[in-house]
Amino acid sequence: MTQSNIAVPAASLSSTAGHGASAARPGPLALWVMLSGTFLVVLDFFIVNVALPSMQRELQAGTGTLQMVVAGYGLATAAGLITGGRLGDLFGRRRMFMLGLLLFTLASAACGFAPNAELLVAARVLQGLAGALLQPQVLAMIGLAYAGEDRARAFAAYGLTLGLGATLGQLVGGLLIHADVAGLGWRSCFLINVPIGLLALVLAPRVIPPLANSGTSRLDLIGMLLVAAASVAVVLPLVEGRAQGWPLWSWLCLATALPLLAAFAFQQRRLAARGGAPLVAPALLANRRFAMGLFTTLAFYAGNASLYFVLALYLQQGLALGPLTSGLVFTSLAIGFFAASMAGARLARRFGGKPPIALGAPVLAAGHALQFVNVAGWVGHTHVVAWMVPLLLVQGAGLGMVMAPLVSTVLAGLPSQHAGVASGVLSMVQQASNALGVALIGILFYGRLGDAANAAGYAGAFGVALVYLTVSALMVAVLHRRATQH
């Protein structure tokens with residue numbers, strides 16, 4: 001599941017009041033078209049999890065390549081989010097939304113028809129870059145096109161779309177693979193985007209108004225290249241290094257990450273001092289609450305996508321469940337998530353108006369720990385699934401109590417002039433953490449599995465992954481406590 005994976009350009013927020021109220025309110029179909037882009041981007045991060053075993057068998061992909069199918073998409077999206085928002089400022093949100101949607105549709109077709117694993121990974125990276133161009137425009141367009149109660153309802157629909165895209169991904173993927181339309185199998189998980197994307201492209205210029213753009217932003221190309229290079233320097237060797245026996249290039253690549261990050265920080269400070277428009281305002285990171293909130297986000301999302309990654313592998317390869325059955329098991333996690341999210345307001349009142357993250361993180365950790373006991377206690381026995389379903393409800397509830405309020409908690413109290421950039425930085429951290437988490441848990445999972453590709457081997461590998469996830473959830477609790485201390 002993912003939450004608010006968007007980079008809202010600062011200019012968008014400052015211009016919302018000026019343009020949103022005066023523009024003619026678009027009809028409900030316009031909102032559906034806008035949200036279709038968000039739905040596709042979120043859905044495609046999660047739908048692949050249930051398809052991974054099928055991909056591996058058909059394409060004879062290695063485990064590192066398999067991880068890059070997930071991590072490459074998230075990493076590319078993270079690296080381009082803020083730049084995508086700036087492009088919307090410069091050239092118009094509707095225009096960039098349509099261009100991103102077109103590129104995303106084409107990249108989805110390339111994924112669906114990829115003849116080998118290497119081209120599939122390349123197409124996934126292109127798909128992630130297209131999503132980074134497409135997604136930042138959605139919330140900006142909603143803010144410009146709607147006002148008052150209409151805007152509140154549109155934002156609520158946006159939040160629901162995020163949840164639906166994440167939670168339906170596993171089930172939709174399982175249904176598509178099970179149906180095996182025209183013998184496409186896992187390929188239909190990508191090709192389903194094509195008709196949706198084409199329909200939205202036809203409707204977009206007809207129903208979305210040509211919203212005003214400030215045209216005042218400038219692209220920080222050097223900063224964009226530095227942060228992208230630093231992200232790749234961390235994630236690529238973690239994914240491919242283990243599969244290749246940790247060759248020298250992997251250590252050299254990791255060693256360049258810190259200098260690249262230092263160069264990025266220096267370049268951002270220098271650009272801000274000269275009156276430029278850096279990707280990350282240095283004043284933002286000087287805010288202790290925001291900085292600690294980013295670390296909390298890092299800890300949480302490093303255990304978010306990685307949970308779906310290893311759970312899908314364990315269900316299908318360790319327990320030999322089919323994609324449809326695996327997708328149905330995932331729905332238990334989704335039910336727990338939605339139930340906790342809907343109860344968030346009541347839980348906040350019980351916490352004296354504070355978000356229920358302090359409760360949700362320990363609940364999530366307890367769910368992971370109990371799942372570890374279940375998996376270790378029923379190795380090779382069908383009872384493991386019977387106990388797994390209610391425990392997934394607990395894990396989903398913990399996710400819902402943390403994820404739903406985390407964004408507003410991190411952004412609370414920031415000066416209004418930093419709101420847009422801060423949301424972009426937060427979004428980038430979310431996506432990068434998803435990719436990093438998949439890379440790290442892959443090292444643990446496949447390192448423990450080794451050559452023991454049997455029920456006991458997969459149970460042990462999944463157990464090690466659950467220990468990682470438990471520690472991640474406990475770190476969220478500790479970091480959140482520190483972030484909210486005055």
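**Close-up views of a predicted helical model**

**Figure 1. The largest pocket and its lining.** The lining of the largest pocket comprises 27 residues, and V227, L261, L298, M428 and V429 are those nearest its centre. On a 1 Å grid over the protein atoms alone, a pocket is an open set of points where a 1.4 Å probe fits, with protein on both sides within 12 Å along at least five of seven lines; a cavity is a set from which the probe cannot get out, and lining residues have an atom within 4 Å of a point. The pocket volume is about 910 Å³, taken as the space filled by probe spheres set on the points, with grid points joined across faces, edges and corners. At least two lining residues come from each of α4 (63-91), α10 (221-243), α11 (248-273), α12 (282-285), α13 and α19 (419-449). The lining has 23 nonpolar, three polar and one charged residues; Ala, Val, Leu, Ile, Met, Phe, Trp, Tyr, Cys and Pro count as nonpolar, Asp, Glu, Lys and Arg as charged, and the others, Gly among them, as polar. The model is predicted: local features need pLDDT of at least 70 and side-chain atom pairs pLDDT 80 or more, whereas totals for chains, interfaces and linings use all residues. Residues are numbered from 1 along each chain as its sequence is written, and side-chain values use heavy atoms, with hydrogens and water left out.

**Figure 2. Overview of the fold.** The protein has 20 helices and zero strands, assigned as DSSP runs numbered from the N terminus (helices H or I, at least four residues; strands E, at least two). Of its 486 residues, 57% are buried, where buried means under 20% relative accessible area, exposed over 50% and partly exposed in between (1.4 Å probe, protein chains only). Among contacts (heavy atoms within 4.5 Å) with a separation of 6 or more, 84% join residues 24 or more positions apart.

**Figure 3. Helix α13.** The 14 residues of α13 (residues 288-301) should span 20 Å at 1.5 Å a residue, and the end C-alpha atoms are 20 Å apart, in agreement; the expected span is 1.5 Å times one less than the number of residues. Because 10 of the 14 residues are buried, α13 is largely enclosed by the rest of the structure. The buried residues include F290, M292, L294, F300 and Y301. At the start of α13, a side-chain oxygen of N287 comes within 3.1 Å of the backbone nitrogen of R289.

Figure 4. V407, in helix α18 (residues 383-411), is buried at 14% relative accessibility. H480 belongs to helix α20 (residues 455-484) and is buried, with a relative accessible area of 8%. Beyond its neighbours within four places in sequence, H480 contacts T296, I357, A358 and T409.

Figure 5. S54 in helix α3 (residues 52-59) is buried at 11% relative accessible area. Most residues other than glycine have a negative phi. Q60, in the loop between α3 and α4, has a phi near 50 degrees and is exposed at 73% relative accessibility. A182, in the loop between α7 (148-179) and α8 (188-191), has a phi of about 55 degrees and is exposed at 73%.

Methods: Polar contact = N/O pair within 3.5 Å; in protein donor to acceptor, adjacent residues only side chain to side chain.
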